[in-house]
Amino acid sequence: MIRIGILGATGYTALELIKLLLRHPDARITALTSRQQGEPHVASVHPALTGRLDLPLRDLNPEQVAAECDCVFSCLPHGASAQAVKPLVDAGVRVVDFSADYRLNDLAVYRQWYEQTHCDAERLGRIPYGLPELFAGQIAPAPLVANPGCYPTSAILAMWPLLKNGLVESEGIIFDSKSGVSGAGRTPKLTTHFPECNESFSAYNVGRHRHNPEIDQVLGTAAGQPVETIFTPHLVPMTRGILTTAYGVPTQGVTEPQLMDALRTTYAAQTFVQIVDYLPATKDVSGTNFCQLTARLVRGRVIVISCIDNLIKGASGAAVQNFNWMYGFPETTALL
């Protein structure tokens, strides 16, 4: 049994992670951390876990976590996560990090978009990006994996096969993405307060969302050259799910069947990516670790529709998928 610790166990992604790990035959959750006072029982923070997990939330230091855990999932925010992760990895604990602290390869880009220094900068550029459909070989032996952002997962899976196969130009790519309110996290905010966001639909962080450089970096690997995309996120008044509509300029002579063939060929061996002929909707993947994709060619433009559950394939499900690769378990364990 792999002893599991979860740092920052009070949020939505932590709850989904716990529920998945409770189904995993080779994982045992041994430590949950939080800075809440009084070591509350996990069921008092997440009532859905009543009778399912008997653990308190404790304010543990890295040495205590390392003594109790073989593998840690860090659900802490950027900045705080690297400070906790660095001593754990140094102590030999394997880590899947949910934050953006290890996703970007370039320290200057991290400082530009996250407006802070990095306490573990020497590791940047050496940490595998946690999309197993694309980087499983790097993930399997890694002591530390950077779990992807939810929006980037939907965008990268959509455009990677087309860039890799030279079916779309590396310039002029646009991602128009819509997310449910849970993507903003559990901490109350005015913009996600029910009376503010219900019966409303809005764009936010236009041109300055921190997931944009992450998307550009990974898709540049597929294209073999720098890629600069336009990414526009929107808030939809629903709890969970992401629908991304990706637009690209086709290379000369590309047909719609070629687009679909590229998607099918790229993901033929990937359980959790489904290439469909219909236009997928968020309800089709809600509560699952699946990403559904389809492509169209419309008036000289490539359109790819991508749907995921932001809390599972966009966060906790991907983390368990990475965990399975890291420890040699079947990739689908606890996810189907």
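**Close-up views of a predicted model**

**View 1. Leucine 104 in its loop.** Leucine 104 sits in the loop between β5 (94–97) and α5 (107–114). Helices (H or I, at least four residues) and strands (E, at least two) are DSSP runs, numbered from the N terminus. This is a predicted model, in which local features need pLDDT of at least 70 and side-chain atom pairs count only at pLDDT 80 or more, while totals for chains, interfaces and linings use all residues. Residues are numbered from 1 along each chain as its sequence is written, and side-chain values use heavy atoms, with hydrogens and water left out. Leucine 104 counts as buried, at 4% relative accessibility. Buried means under 20% relative accessible area, exposed over 50%, and partly exposed in between (1.4 Å probe, protein chains only). Not counting residues up to four places away in sequence, leucine 104 touches Val109, Tyr110, Tyr114, Leu124, Gly125, Pro213, Glu214 and Gln217. Contact means heavy atoms within 4.5 Å.

**View 2. Glycine 220 in helix α9.** Glycine 220 belongs to helix α9 (residues 212–223). Its relative accessible area is 14%, so glycine 220 is buried. Leaving out residues up to four places away in sequence, glycine 220 touches Gln225 and Val227. Lysine 164 is 56 residues apart from glycine 220 along the chain, and their C-alpha atoms are separated by 9.5 Å.

**View 3. Helices α7 and α10.** Two packed helices are described by the angle between their axes and the distance between the axes. Helix α7 (residues 150–164) and helix α10 (residues 256–266) have axes that come within 9 Å and cross at roughly 105°. That makes α7 roughly perpendicular to α10. Axes are lines fitted to C-alpha atoms, for helices over the stretch in contact, and angles run from 0 to 180 degrees between N-to-C directions. Angles under 35 degrees count as roughly parallel, over 145 as roughly antiparallel, 65 to 115 as roughly perpendicular and the rest as oblique. From α7, Ala158, Trp160, Pro161 and Leu162 meet Leu259, Ala262, Leu263 and Thr266 of α10. The residues of this contact divide into 7 nonpolar, 1 polar and no charged. Ala, Val, Leu, Ile, Met, Phe, Trp, Tyr, Cys and Pro count as nonpolar, Asp, Glu, Lys and Arg as charged, and the others, Gly among them, as polar.

**View 4. Helices α1 and α11.** The axes of helix α1 (residues 12–21) and helix α11 (residues 312–327) come within 9 Å, crossing at roughly 40°. α1 is therefore oblique to α11. Thr13, Glu16, Leu17, Leu20 and Leu21 in α1 meet Ile312, Ala315, Ser316, Gly317 and Val320 in α11. The contact residues of α1 and α11 comprise 6 nonpolar, 3 polar and 1 charged.

**View 5. The segment after α11.** Threonine 333 is placed in the segment after α11. With a relative accessible area of 13%, threonine 333 is buried. Its contacts, leaving aside neighbours within four places in sequence, are His24, Pro25, Val320 and Asn324. Alanine 334 also lies in the segment after α11. Alanine 334 has a positive phi of about 70° although it is not a glycine. At a relative accessible area of 11%, alanine 334 is buried.

**View 6. Glutamate 39.** The loop between β2 (27–33) and α2 (42–45) holds glutamate 39. Glutamate 39 is not a glycine, yet has a positive phi of about 50°. Glutamate 39 is partly exposed, with a relative accessible area of 47%.

**View 7. The open sheet.** The 7 strands of an open sheet run in the order β8-β9-β7-β10-β13-β12-β11, with mixed pairing. The edge strands are β8 (202–203) and β11 (273–275), each pairing on one side only. Two strands pair if DSSP finds at least two bridges between them.

**View 8. Strand β10 and its partners.** In strand β10 (residues 242–248), 5 of the 7 residues are buried, so the strand is largely enclosed by the rest of the structure. Strand β7 (residues 174–179) pairs with β10 in the antiparallel sense over 6 bridges. Phenylalanine 175 has alanine 246 in β10 as its bridge partner. β10 and β13 also run antiparallel, joined by 7 bridges. Here tyrosine 247 stands opposite isoleucine 303 in β13.

**View 9. Strands β12 and β13.** Strand β12 (residues 291–298) and strand β13 (residues 301–308) run antiparallel, with 7 bridges joining them. Valine 298 has arginine 301 in β13 as its bridge partner.
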